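Take a moment to look at the model below. We will walk through its chains step by step, from sheets to helices to cores.

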Amino acid sequence: MPVIAVRNLAKTYSTGAVDVHAVRGVSLDIPAGEFVSIVGPSGSGKSTFMHILGCLDRPTRGSYHLEGRDVSRLTRDQLAEVRNSKIGFVFQGFNLLARTSALDNVELPLLYRGGGMRAADRRRRALAVLDAVGLADRVEHLPNQLSGGQQQRVAIARALVNEPAILLADEPTGNLDSATSREVLDLFRRLNAESGITVILITHDHAIARHGDRVVEFHDGLIVRDERRASERAAGSEMQAAAQTTG
Amino acid sequence: MSLFATIRVALKALGRNKLRTGLTMLGMIIGVSAVITMVALGRGAQEEIETQIRGAGTNLIRVRAGNFRRGGVSMGVGGAPTLTVEDVEAIREAVPGAQYLAAGVSTRDQVIAANRNWNTQIEGTDVELPLIRVWNIDRGAFFNASHVRSAAKVAVLGSVVRDNLFGEGADPVGERIRIRNQSFQVIGVMAAKGAGGFGQDQDDTIFTPYTTVQKKLRGRDGTNISGITISADSPDNINFVADEISAVLRAQHDLPPGEPDDFMVRTQTDVTTMRSQMTQTMTGLLAGIAGVSLIVGGIGIMNIMLVSVTERTREIGLRMALGAKGRDVLWQFLVEAIVLSLVGGVVGIGLGFGISEGLTSILQWPTAFPADAVALAVGFAAATGIFFGFYPARQAARLDPIESLRFE
């Protein structure tokens with residue numbers, strides 16, 4: 001069973017007289033553990049699609065099953081619960097709370113968990129994910145004491161803390177230089193490989209999109225290309241082969 | 001999200017902008033402390049009045065001749081010759097609850113002692129007056145029944161009169177004073193008592209037998225008196241005794257039913273109630289004015305919360321994306337507003353208490369700590385937080401997460 005199953009999904013915005021068809025009937029299956037890039041220029045509908053995948057918005061038509069559950073007709077509060085437990089967001093602008101320690105930022109999603117969680121458990125969980133993203137020595141730092149790459153890693157830790165089904169990264173490298181971008185993308189790759197979390201990377205940049213196992217390209221509210229690639233793994237084995245030949 | 005977690009989140013959010021938090025609370029602090037101070041001052045004044053009146057005797061009943069409401073011509077209280085010594089005896093006979101009685105007739109005149117003189121109240125009264133007024137004799141003795149029978153020219157001085165005629169603390173017992181060219185012998189000095197229920201100085205008085213005032217000073221006919229001072233046997237009984245006195249006097253004066261009284265019966269409770277009502281009105285007025293600043297403080301909180309919601313739109317969007325429900329956001333902002341107003345309220349109570357204490361110790365203004373006003377102020381502060389915090393909080397809760405995350 002795919003973790004995400006979308007059928008004939010459409011989203012129309014009514015802005016006064018004109019209806020804007022942002023997404024015009026999209027079907028897509030994403031199996032668990034896949035690393036998918038969704039690429040497209042601005043206005044292609046990829047952001048709207050991402051909002052629906054992230055349960056921030058509801059489709060006008062069509063269905064969206066997340067881990068087998070139809071989430072396309074849920075109420076605002078139900079969507080909030082789904083976001084909290086199933087989806088980890090990583091944003092372009094990091095969106096960390098200012099003047100709040102890395103640890104407190106990472107604990108934030110745990111505060112909104114159904115059933116609640118004891119403070120000590122929250123702290124333990126947050127420390128564990130901060131350790132997983134390599135920031136064990138920065139837990140009490142405030143965002144303005146951290147570099148852009150470190151801030152984005154705090155944001156990734158925050159996305160992971162509730163052990164979500166999917167990691168939804170919206171232009172996660174947009175505010176980072178190329179070396180730091182590489183680090184962050186490697187982190188996604190590693191998390192995907194090690195814990196099998198489904199990663200969905202939304203970007204306008206084809207070079208970034210190539211880091212995914214699969215590239216889904218949007219244009220005018222429709223999927224125009226959907227390719228599985230052997231990119232990273234292939235590149236890795238090529239490098240290994242090269243190393244072997246030289247060695 | 002649990003209430004405890006909500007409070008923690010709200011406290012952290014407030015801690016992130018301490019200056020603003022402090023300034024917002026200041027509005028509340030000033031409002032609450034103003035209310036507390038005003039009410040404390042009002043209560044203090046009220047308690048002082050009550051103490052003074054209690055000092056005059058708690059079960060005191062005064063009957064005065066004449067009545068404001070009688071007939072077309074106002075006779076003026078005490079002016080009409082409607083009370084007599086026989087009335088006093090009738091009350092003594094018929095009203096067992098009237099424990100002590102003293103006929104009263106007074107005048108005002110210049111009093112001369114050696115080379116000094118003083119204008120004062122000369123209160124003609126009866127031997128039971130010190131018992132009625134619960135008043136001790138400082139030196140010498142009060143006059144006795146035989147002085148009254150013989151209209152003896154004896155005088156008991158109030159302490160202020162003694163101070164002015166013989167010097168402060170002097171012992172004038174045995175000395176002579178002149179009133180209207182007649183020589184009176186000083187036989188006693190009353191203990192100092194302070195101001196009376198209406199602010200007049202009770203110690204600025206000379207007591208003589210009422211018969212002496214009637215015959216020697218007024219030189220008028222017969223048995224008319226201007227008032228009767230009575231103490232009821234118990235404060236609980238006072239209204240019943242007062243009613244009985246009225247009935248006896250109406251019978252004495254042959255007043256047919258429907259005819260208004262030609263006398264006035266006033267109990268100490270009447271006076272107390274009247275004065276208390278006056279100060280209560282004043283206290284209410286002052287507290288009302290101070291309450292305006294509470295409302296201004298509340299509006300300050302609402303203003304800051306509205307700014308805060310706009311400023312923190314991205315934070316709200318983020319929290320929603322991470323799973324905060326509308327009500328989580330509502331509660332967070334509501335709790336922030338309540339914390340602002342409650343902490344402001346509690347600090348305001350402390351400050352108001354401090355100011356009241358300061359006024360008492362520096363200016364000697366009487367204040368009383370108003371427990372109910374404190375409860376009211378805390379309640380009002382919390383209510384302000386909820387009332388003025390709800391609108392901004394609801395605005396925050398209604399935000400759309402996508403729009404909020406895009407907000408710059």
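Two strands pair if DSSP finds at least two bridges between them. Helices (H or I, at least four residues) and strands (E, at least two) are DSSP runs, numbered from the N terminus. This is a predicted model, in which local features need pLDDT of at least 70, side-chain atom pairs count only at pLDDT 80 or more, and totals for chains, interfaces and linings use all residues. Residues are numbered from 1 along each chain as its sequence is written, while chains are lettered from A and ligands numbered from 1 in the order in which they are written.

Start with strand β1 (residues 60-65) of chain B. Five bridges join β1(B) to strand β11 (residues 227-232) of chain B, and the two run antiparallel. Here R64(B) stands opposite G227(B). Five bridges also join β1(B) to strand β12 (residues 263-267) of chain B, again antiparallel. In that pair, A65(B) has F263(B) as its bridge partner.

Is β1(B) largely enclosed or open? A residue is buried if 20 or more other C-beta atoms lie within 10 Å of its own, exposed if 12 or fewer, and partly exposed in between; C-beta atoms are placed from the backbone. Five of the six residues of β1(B) are buried, so the strand is largely enclosed by the rest of the structure.

Now turn to chain A. Its secondary structure comes to eight helices and ten strands. Of its 247 residues, 44% are buried. Six strands form an open sheet with mixed pairing, in the order β6-β7-β8-β3-β9-β10. At the edges stand β6 (87-90) and β10 (222-228) of chain A, each with a single partner strand, so one side of each has no neighbour in the sheet. Neighbouring strands are turned by 20 degrees against each other on average, direction ignored. Such angles run from 0 to 180 degrees between N-to-C directions, and axes are lines fitted to C-alpha atoms, for helices over the stretch in contact.

β6(A) pairs with strand β7 (residues 166-170) of chain A in the parallel sense, over four bridges. I87(A) stands opposite I166(A) there. Helices pack on the sheet too. Helix α5 (residues 148-160) of chain A touches β6 and β7 of chain A, and its direction makes about 170 degrees with that of β6(A). Helix α6 (residues 178-195) of chain A touches β3 (35-39), β7 and β8 (198-203) of chain A, at about 155 degrees to the direction of β8(A). Two residues are in contact if their C-beta atoms, placed from the backbone, lie within 7 Å.

Chain A also has an open sheet of four strands, in the order β2-β1-β4-β5, with antiparallel pairing. Its edge strands are β2 (18-30) and β5 (69-70) of chain A, each pairing on one side only. Ten bridges link β2(A) to strand β1 (residues 4-15) of chain A in the antiparallel sense. A5(A) has D29(A) as its bridge partner.

Next, helices in chain B. Two packed helices are described by the angle between their axes and the distance between the axes. The axes of helix α1 (residues 3-15) of chain B and helix α11 (residues 326-363) of chain B come within 9 Å and cross at roughly 65 degrees. Residues of α1(B), including L11(B) and L14(B), meet residues of α11(B), among them W331(B) and V335(B).

Where do the chains meet? 18 residues of chain B are in contact with 18 residues of chain A. On the chain B side, the largest share, five residues, comes from α10(B). Seven of the nine residues of α10(B) are buried, so this helix is largely enclosed by the rest of the structure. Its cover includes α2 (76-86) and β6 of chain A together with α11, α12 (371-397) and α13 of chain B. Just after α10(B), G323(B) takes a positive phi of about 115 degrees.

Finish with the core. A nonpolar core is a set of buried Ala, Val, Leu, Ile, Met, Phe, Trp, Tyr and Cys residues joined through C-beta atoms within 7 Å. The largest one has 122 residues, and A157(A), I200(A) and V35(B) have the most contacts inside it. Its largest share, 14 residues, comes from helix α2 (residues 18-55) of chain B. A second, separate core of 50 residues includes I91(B) and I122(B).
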